[in-house]
Amino acid sequence: MNPLYVKVHSNDNVAIIVNPEGVPAGAKFACGLTAAEAVPPSHKITLTALALGAPVIRYGEVIGHVLDDVEAGRWVREDMLTLPSAPPLNLLPLATRRLPQPEPLTGYTFEGYRNADGSVGTRNLLGITTTVQCVAPTVDYAVRKIEAEILPKYPNVDGVVAITHTYGCGVAIDAPGARIPIATLGHISRHANIAGDPLVVSLGCEKMQPNRLLPFFEPNVIRLQDNRGFAATVASICEQAEKRLIELNKRRRETIPASELNVGVQCGGSDAFSGVTCNPAVGYFADLLVRAGGTVMFSEVTEVRDAIHLLTPRCADEETARKLIAEMQWYDEYLGRGSADRAANTTPGNKRGGLANIVEKALGSVAKAGHGTIHHVATHGEKVTAKGLVFAATPASDFICGTQQLASMNLHIFTTGEGSPYGLAMVPVAKVSSRTALAEKWPDLIDVNAGTIATGEKTIEDVGWELFHYMLDVASGRKKTWAETWRLHNSLAPFNPGPVT
Ligand code: CA
């Protein structure tokens, strides 16, 4: 075997083992380093001896301090280092890095659906939204019937989506926190992929009445408590659905500039490679799409918090930087109310994948945001209409982040190291793996393999461009992601920081 590690930054004193089987004790690296013990794949090895209290440096940043003397060639385990405190929010540089204006990328287009409200879709779906969980099984039943009996008559329509969720009643709907789930579900109910025109199913007595979900829109509402029994309700939903399908079937794709794409990026099941391979490749993609005039949203507050000092300098202006800090502050307080902090983020899988702590995870996570200026900061539940690179505040939870990003995005990129079959019903979700071993184990779930970056077969630029072309094909309907092929549709999970009654 040829023992191989990747070192990210010239100042790093640890590196990540690339060999899929790890390295045994005594393995000799090309640089002369000898492994003092066996080190598993994607875990860290010390490149130099570290004296008690010395910083452990990865990505050129301190991810902890060693709790004992550690010789060179040792496996760095989570319990060998301290967790640094999060960067203080009151001392951050605001918009201090003047980044050069990137060269515009012109001529890139996709085939999409332009809607009456100006929004642009990448799929043609009938959406049936709901005001409350009580009606969800009824709507699911109706959707199965529509798909089997009515949809085949309308071949230009890609599918029928039940926009069901756990919100709508049993909640303190006038509490400040209620704004977030209501706004999120309202935006999703008028998503570009359903032509902004949903059918609404309500129970009748719920707290989130249709005019609360869609305050500036006169929807066609089917109210279950106004109907005579289940069969009549289903018949009513099917009848209204067919009227929509007739209209949706007339939609045609047209050539649209890439600037109309809004791509939400997030990670899930990350490992120590995520920050070296898939996330930087997505970051390169983000830089490309922003140069093409499009929008890229990165999110996941707890995975940004420990890298915040690297992001506030990149904000377009001081006001944007202050908004970014305010989102960190709000989330610190939210976690504090639950007697937790950002360290609650990491999972057993992250640790198995070599991530020692939230600092190391965050430094790798923010690579998805590329290298450009942060043009806008959106708060939880805000619909993003700005162009450029946007920080859209969401929890890091895959389902909640995906749900909040869905309010604004027409494409989704999900990076993973440990592996997740995650998908959404309303937008294509492309999955990018951090390691070749995962892409080979899951050839029918992973859309793009970024593991080739670690082995030196491809560069970050190569995979970034590959992803850029792939996403244009997916946006155009020329290609389907694996999550679409298998119809892997995770439930919507609106973020409700407000009380439940
Ligand atoms: Ca996530």
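A residue counts as buried when its relative accessible area is under 20%, as exposed when it is over 50%, and as partly exposed in between, with a 1.4 Å probe and protein chains only. The model is a predicted one, in which local features need pLDDT of at least 70 and side-chain atom pairs count only at pLDDT 80 or more, while totals for chains, interfaces and linings use all residues. Residues are numbered from 1 along each chain as its sequence is written, and side-chain values use heavy atoms, with hydrogens and water left out.

**Exercise 1. State which residues coordinate the calcium ion, and how they are spaced in sequence.**

Step 1. The calcium ion is coordinated at 2.3 to 2.6 Å by Gln266 (OE1), Cys267 (O), Glu300 (OE), Ala396 (O) and Asp398 (OD). Donors here are N, O and S atoms within 2.8 Å of the metal (3.2 Å for Na, K and Ca), and because water is not among the atoms, sites may look incomplete.

Step 2. Along the sequence, these donor residues of the calcium ion follow the spacing Q-C-x32-E-x95-A-x1-D. Distant parts of the chain are linked in this way, since Gln266 belongs to strand β14 (residues 262–267) and Asp398 to helix α10 (residues 398–406), 132 residues apart.

Step 3. Both Gln266 and Asp398 are buried.

**Exercise 2. Work out how α2 and α10 are oriented to each other, and which residues make the contact.**

Step 1. Helix α2 (residues 179–189) packs against α10 at an angle of about 55°, and their axes are 8 Å apart. The axes are lines fitted to C-alpha atoms, for helices over the stretch in contact, and angles run from 0 to 180 degrees between N-to-C directions.

Step 2. The two helices α2 and α10 are therefore oblique to each other, given that angles under 35 degrees count as roughly parallel, over 145 as roughly antiparallel, 65 to 115 as roughly perpendicular and the rest as oblique.

Step 3. On the side of α2 the contact is made by Ile180, Thr184 and Ile188, and on the side of α10 by Thr403, Gln404 and Leu406.

**Exercise 3. Compare the places of Ala95 and Ser339, each with a positive phi.**

Step 1. Most residues other than glycine have a negative phi. Phi is near 50° for Ala95 and near 55° for Ser339.

Step 2. Ala95 sits in the loop between β6 (75–76) and β7 (109–114), whereas Ser339 sits in the loop between α7 (318–337) and α8 (348–352).

Step 3. Ala95 is buried, with a relative accessible area of 8%, whereas Ser339 is exposed, with a relative accessible area of 71%.

**Exercise 4. Describe how domain 2 and domain 3 are placed.**

Step 1. The domain assignment gives domain 1 (1–82), domain 2 (112–248) and domain 3 (266–485), with bounds that come from an automatic or database domain assignment.

Step 2. The centres of domain 2 and domain 3, taken over C-alpha atoms, are separated by 28 Å, and 15 residues of domain 2 are in contact with 22 residues of domain 3.

Methods:
Helix = DSSP H or I, 4+ residues; strand = E, 2+ residues; numbered from the N terminus. Contact = heavy atoms within 4.5 Å.
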